[in-house]
Amino acid sequence: MLTTEALVKELVEKNGRNRNSLMPVLQGIVQQEHYLSEEALLCVAKELDLAAADVYGTASFYTFLDTVPRGKNIIRVCKTITCHMKGKDEIINTLSNALKIKVGETTHDKKFTLLTANCLGWCHKGPVMLINDEVYPELTPQKALEIVEEYAKSTH
Amino acid sequence: MSKYLVNLKINNMPIAVEEGTTILEAAKKLNFRIPTLCNHPDLTVAGNCRVCVVEVKGARLLAAACATPVSEGMEVFTNSEKVRVSRKHIVELLLSEHNADCTKCFKNGHCELQDLASEYRIGDHVFLDLVKPESLIQDISSPSIVKDDSKCIRCQRCVRTCAELQGVSALAVVNKGDHQKISTFLNKPMHEVVCTNCGQCINRCPTGALTERNYIEEVWNAIYDPSKFVVVQTAPATRIALGEDLGIPVGERVTGKMVASLKKLGFNKVLDTDFTADLTIMEEGTELLTRLKRALVDKDEKVVLPMMTSCSPGWIKFQEHMYSDMLDNLSTCKSPQQMFGAVAKTYYADKINIKAQDMVVVSIMPCVAKKFECERPEMRDSGYQDVDYVLTTRELAMMIKQAGIDFNKLSDEHYDSILGESSGAAVIFGASGGVMEAALRTAYEIVTGREVPFTNLNIQPVRGMEGIKDATIKIKNVKPEWSFLEGVDLHVAIAHGLANARQLMEKVRKGEAAYHFIEVMGCPGGCLGGGGQPIPTSPEIRKKRSEAIYQEDEDMPIRKSHENPEIVEIYKEFLGEPLSHKSHDLLHTHYKPRKRY
């Protein structure tokens, strides 16, 4: 795996050295490293000749650009009203018990982070969760467990 | 190219204004005042606070007057029922997120939001109080600036100031929605980030979210302590601005009154930073000539040019962060404030028979970065902290009010001697271009034996409010010992405001500009626009202060640093000559690279 510095340089090379590249570069880092470390933010500021506070300002604006360490798989359970009525609390509790983490936390083996998200736009098929970029609709606690177990098996 | 005139009506009064004028500007011309918070004459338009909303006939929504350009046939109402009710609600909403514990706020009585609340007679809570408990913890990590998020209304004047005027961006908008706040990189404390302590954000903060770290109580305690001998020094730019906080019009000089008030406050001696400004010229002028000689005669490749001034502590910290590869360009001279402290606790203490450990040196400065500067570990060459406390011009005004002094009625008094005599060259340190002009007045005369070839010693090309100025002085008919400078064109440049400084530094780094000497002041207009000066500030106000400074210079009997008799005396009795061993020990310093990000 590339070092953070090399990764940033590669992303900047690909996207260009102007301010417009900030978003794709930050997204690229999150894809590889699951979050934006201090080192990564500073590298971006340096490469794009931006103030570090500006880079952090942009990063902190977006929910999907995390600035705290996250697991390899990020589970986001929709917490908005329809999914709530369809039982999202049960889903969260089940996952929380199985993974032994609370919402906002990451497992010891760094495989999973459990988060909630605002409306994912799947109200007709709630409750729903997102794992990384994949949507899982019409969940039951059992179904949610099985999906997460699959991820556990395939993540090293 | 002339612009089209646009006809409109404001509160039924017709007016024609140039295309592109905002409703706010047009209303001002008709003497209708529209309140503003996020708007500032030095900054770009933001339009986020919404208190300037007005009704435009035919429009569904109210428009922000600061951000809406006029259009043909527009009919604007600045005080309709809809406007008044909305504006009051907007103020109430701002207050619902503002820690309105006004009696305990440093800005009490100097707060634009408080003024607006008072104007609209805001009563009991209409909206829930949404101040976040965690925002109540102030950031007091910086010796210069206190940041209090609970007072912040997120108008972003500070963010724009830091980016647009200073090119630093230590502050940015972080998070979003109800979590939005003004913060630093990763919410680090102010003293850990690239903040230069210039304090320009303080000058533009409409509330008490950004204020100077104040040392008023510490100074009172020193004055009341009978075992302490408290001397005070006043920076050049304080004497032309202090009056603004004490009911005197902008641009009026109050030198004599300021001295009188300081004596009444109980300082043991009232002395002048202008004296050490003259001393700075002797040292810095000689340093420049020495560097030129080493470059031109000795062909010494290690000599670094252009030489850059080092009086402005905001500029110094900027350079340490941003251009740490160019620290050797900086003059090794300490700033006048620090030269004063070092000389006061050695030469002066001896002369008046006071032990240095019993002496407290207080500075009155137009600056908040000076508070940081006096705490730098290098600034202890007397064996003690050379300058103990730094007060801003504003803090001094507060002390004068606390002491019940009727400033307006004071008769002028003179600075104590010694360390109180100064020249006109020293007072112009307070304006952008002033250090350059003062240095040229002395250096030119050292080299040629004649006065600088400008009418009445006024070197006009280095004056004025242009962001970056440059000038060339031809050196002719030199004294024999300076023959290597015969016919040399001395190229100089001046920048004020750190965004301009950055532009100039980029030019220098790329080798696009062959300057010999560069003056940089961290604040717009130089010290007269410093972060410790009375609030508000605007280009107009700074222009008036500048005129006052140059008038003060013209009225001084001595106009050149090297003719200050106290300067002649200190070299004869104590320092020997400029750049002597003793000078190096007390008056010169070094710089340290800091993190760029």
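User: Which residues does Ser363(B) touch, not counting residues up to four places away in sequence?

Analyst: Begin with the criterion: two residues are in contact if their C-beta atoms, placed from the backbone, lie within 7 Å. Leaving out residues up to four places away in sequence, Ser363(B) touches Gln233(B), Ala235(B), Thr273(B), Gln337(B), Lys370(B), Val387(B), Val390(B) and Leu391(B). Keep in mind that this is a predicted model, in which local features need pLDDT of at least 70 and side-chain atom pairs count only at pLDDT 80 or more, while totals for chains, interfaces and linings use all residues. Residues are numbered from 1 along each chain as its sequence is written, and chains are lettered from A and ligands numbered from 1 in the order in which they are written.

User: Is Ser363(B) buried or exposed, and in which strand is its place?

Analyst: A residue is called buried if 20 or more other C-beta atoms lie within 10 Å of its own, exposed if 12 or fewer do, and partly exposed in between, with the C-beta atoms placed from the backbone. Ser363(B) has 27 other C-beta atoms within 10 Å and is therefore buried. Its place is in strand β13 (residues 359-365) of chain B, where strands (E, at least two residues) and helices (H or I, at least four) are DSSP runs numbered from the N terminus.

User: How does one read burial for a whole helix, such as helix α7 of chain B?

Analyst: One applies the criterion residue by residue. In helix α7 (residues 255-265) of chain B, eight of the 11 residues are buried, so this helix is largely enclosed by the rest of the structure. The buried residues are Thr255(B), Lys257(B), Met258(B), Val259(B), Ala260(B), Ser261(B), Leu262(B) and Leu265(B), and what covers them includes α6 (216-224), β10 (229-234), β11 (269-272), α12 (393-402) and α16 (539-554) of chain B. After α7(B) comes Gly266(B), whose phi is positive, near 110 degrees.

User: How do helices α8 and α10 of chain B pack?

Analyst: Two packed helices are described by the angle between their axes and the distance between the axes. The axes are lines fitted to C-alpha atoms, for helices over the stretch in contact, and angles run from 0 to 180 degrees between N-to-C directions. Here α8 (residues 273-296) and α10 (residues 336-352) of chain B pack at about 105 degrees, with their axes 8 Å apart. That makes α8(B) roughly perpendicular to α10(B), since 65 to 115 degrees counts as roughly perpendicular, under 35 as roughly parallel, over 145 as roughly antiparallel and the rest as oblique. On the α8(B) side the contact is made by Thr273(B), Thr276(B), Ala277(B), Leu279(B) and Thr280(B), and on the α10(B) side by Pro336(B), Gln337(B), Met339(B), Phe340(B) and Val343(B). This contact has six nonpolar, four polar and no charged residues, where Ala, Val, Leu, Ile, Met, Phe, Trp, Tyr, Cys and Pro count as nonpolar, Asp, Glu, Lys and Arg as charged, and the others, Gly among them, as polar.

User: In what order do the four strands of the open sheet in chain B stand?

Analyst: Strands of a sheet pair through backbone hydrogen bonds, either parallel or antiparallel, and two strands are taken to pair if DSSP finds at least two bridges between them. The order in chain B is β12-β17-β16-β15, with mixed pairing; β12 (307-308) and β15 (468-474) are the edge strands, each pairing on one side only. Seven bridges join β15(B) to the antiparallel strand β16 (residues 489-496) of chain B, and Ala471(B) stands opposite Val492(B) in β16(B). By contrast, β16(B) and β17(B) pair in the parallel sense over five bridges, with Val492(B) opposite Phe517(B), and β12(B) and β17(B) run parallel, joined by two bridges.

User: Which residues cover the two sides of β17(B)?

Analyst: In a regular strand the side chains alternate between the two faces of the sheet. For β17(B), Phe517(B), Glu519(B) and Met521(B) lie on one side and Ile518(B) and Val520(B) on the other, and all are buried, so both faces are covered.

User: How is chain A divided?

Analyst: Domain bounds come from an automatic or database domain assignment, which divides chain A into domain 1 (4-61) and domain 2 (73-154). The C-alpha centres of these domains lie 28 Å apart.
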